[in-house]
Amino acid sequence: MSSVINHIPVDVLHAFWQECERLLLASQSEVQVYIEQAIQAVQSHAKEHVPYYRNLTPFPEAWPTLSKYRLQQTTEDFWAMDVDASDCLLWQTSGSTGEPTRFLVDAWGQTVREVSLLLSLSIAGVSLPHLKASISTDTVMIRLSSSEGLQQWHRPLPLLDNCLLQKFAVFEHPECDVDSVIEKILSLKPPCLAGDPQAFEILLSHWRVLYPEQTHCPYPVLFLSNGANVLSEPLRQKLEAFFGLAVSDCYAMAETSVIASQCPQGSFHVHIPLNILESNNESSENPSAPLWVTHFPNAAMPLIRYETGDWGNVSTKSDCHCGLQWPILHTFEGRQRRFLMNSSGDPVSPSKIIPLLNQLPVAQYQLIQKTATDFELRYRIQNQSILNPSTEKASSDLDQGIKTALQLALSQAINEPAMTLAFSGSEQHLGEPGKKFQDIVVLGF
Ligand SMILES: [Zn+2]
């Protein structure tokens, strides 16, 4: 019998949502038991069905973390062997989430996006019956995305005839036709809006031009969710002033959807029905550490202890005043990928150099472009106290061969034969406390 679910019966979905509702009210010990069982379930499924995990030691607690680079190199080893690929969605990741591509997603995986939205609503304190009562049209939520391609669609959600979202509209790429999106919002009056920061920014600026007299959204919005990158403080303030309510920010990645979202107290609670997040903090002086996610719902391609590329600090227990006992992502220092510049001022993708950077024997790197031809590579030497002995990275400084290869690759990437690349090693975390870590930095020039 196939272990991969291709069609989810409605009663199975409802049972899953009931389990989510139980967990929203669960005690700390019940939450811990649930998490342990969910981890064991995904590990035993992976051991039995997925080539990569079958070839590891039989003891999952000794499994190494999973790097994006490894996933990219051996993608098909992560597909469950009894997957019927024709029934699965093959998903290409892109944009800020970066390098890994070709995710196989089964029916549960496809449902995750809706479930995570419902969890975000519940965590933000939006009462679902209240939400339902406020629905005057068949559109509950409009999602705004600045990703490429213009699409406009409505579709029924498979989950919930009892309390949830009946229809859900997505407007992609609002800069293409933002005015019609605003008209749609004003005619449908969806109680929820979700989107990425850039899409919200574009929406607000067009709204001000179209309706200069409107300083506030002219109908009540119940839920405002940022669904992509962490919001900047100025944008958060603008959104909260215009819509008259707090934005529920979230931590998300394309490979897993939403991982954690904000409650009314401002804490980021990890969505434990769908995934757990771990951080391996080296010391109390440096509270930030690499974040690993283990994703539960996608049997077609399970990701276990997957290196998100982000840094932060997770506590396994919640002491949040909202009462929810789900673990909390305390500090978050995300990554941000920037384009390099050539001497004509045109952006150049760092994609040619990133595979080399990912193979460096270092714990962390940051490439800084100071002028068109002047670069610095900062790196943090691997600390062997990190519990990851099987990593391919070793504790050593960079040797001359690596430095020369990097210089050559970078010079070809930006087409500048005369560029220089300086190197500086450090034992400290390269990010600044409380600030977003960037692996590629282009200084203004
Ligand atoms: Zn809370």
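**Strand pairing and helix packing in the predicted model**

All six residues of strand S9 (residues 257-262) are buried, so S9 is largely enclosed by the rest of the structure. The model is predicted. Strand S9 has partners in both S8 and S10.

Four bridges join S9 to strand S8 (residues 250-253). The two strands run antiparallel. S8 and S9 form a hairpin, with three residues between them. Strand S10 (residues 268-270) also runs antiparallel to S9, and three bridges join the two. Here Gln262 has Phe268 of S10 as its bridge partner. S9 and S10 form a hairpin as well, with five residues between the strands. Within that hairpin, Gly266 takes a positive phi near 95°.

The chain as a whole contains 11 helices and 20 strands. Of its 445 residues, 51% are buried. Among contacts with a separation of 6 or more, 66% are between residues 24 or more positions apart. The exposed surface comes to about 20,000 Å². Carbon and sulfur atoms supply 52% of that surface.

A further sheet involves strands S17 to S20. Strands of a sheet pair through backbone hydrogen bonds, either parallel or antiparallel. This sheet is open and four-stranded, in the order S19-S18-S17-S20, with mixed pairing. Strand S19 (420-426) and strand S20 (440-442) are the edge strands, and each pairs on one side only. From one strand to the next, the twist averages 20°. Strand S18 (residues 374-381) runs parallel to S19, and seven bridges join them. In this pairing, Arg380 of S18 stands opposite Ser426 in S19.

H11 lies across strand S17 (362-371), S18 and S19. Relative to S19, the helix runs at about 135°. That angle is between the limits of 115 and 145 degrees, so the arrangement counts as oblique.

Val348 lies in S16 (residues 347-348). With a relative accessible area of 13%, Val348 falls under the 20% cut-off and is therefore buried. Beyond neighbours within four places in sequence, Val348 is in contact with Phe339, Leu340, Met341, Asn342, Ala413 and Ile414. Ala413 is 65 residues from Val348 along the chain, yet their C-alpha atoms are separated by 7.4 Å. Both Ala413 and Ile414 fall within the range of H11, residues 400-414.

Helix H7 (residues 178-188) and helix H8 (residues 197-210) have axes that come within 10 Å and cross at roughly 80°. H7 is therefore roughly perpendicular to H8. From H7, the contact is made by Val178, Asp179, Val181, Ile182, Ile185 and Leu186. From H8, Ile202, Leu203, His206, Trp207 and Leu210 take part. Nine of these contact residues are nonpolar, one is polar and one is charged.

Definitions and conventions: Residues numbered from 1 in each chain as written. Predicted model: local features only at pLDDT ≥ 70, side-chain atom pairs only at ≥ 80, totals over all residues. Heavy atoms only, no water. Pairing = 2+ DSSP bridges. Axes fitted to C-alpha atoms, helices over the stretch in contact; angles between N-to-C directions. Contact = heavy atoms within 4.5 Å. Parallel < 35°, antiparallel > 145°, perpendicular 65-115°, else oblique. Nonpolar A, V, L, I, M, F, W, Y, C, P; charged D, E, K, R; others polar. Buried < 20%, exposed > 50% of the residue type's maximum accessible area, 1.4 Å probe, protein only. Areas by Shrake-Rupley, 256 points an atom, 1.4 Å probe, with all protein chains shown as cover.
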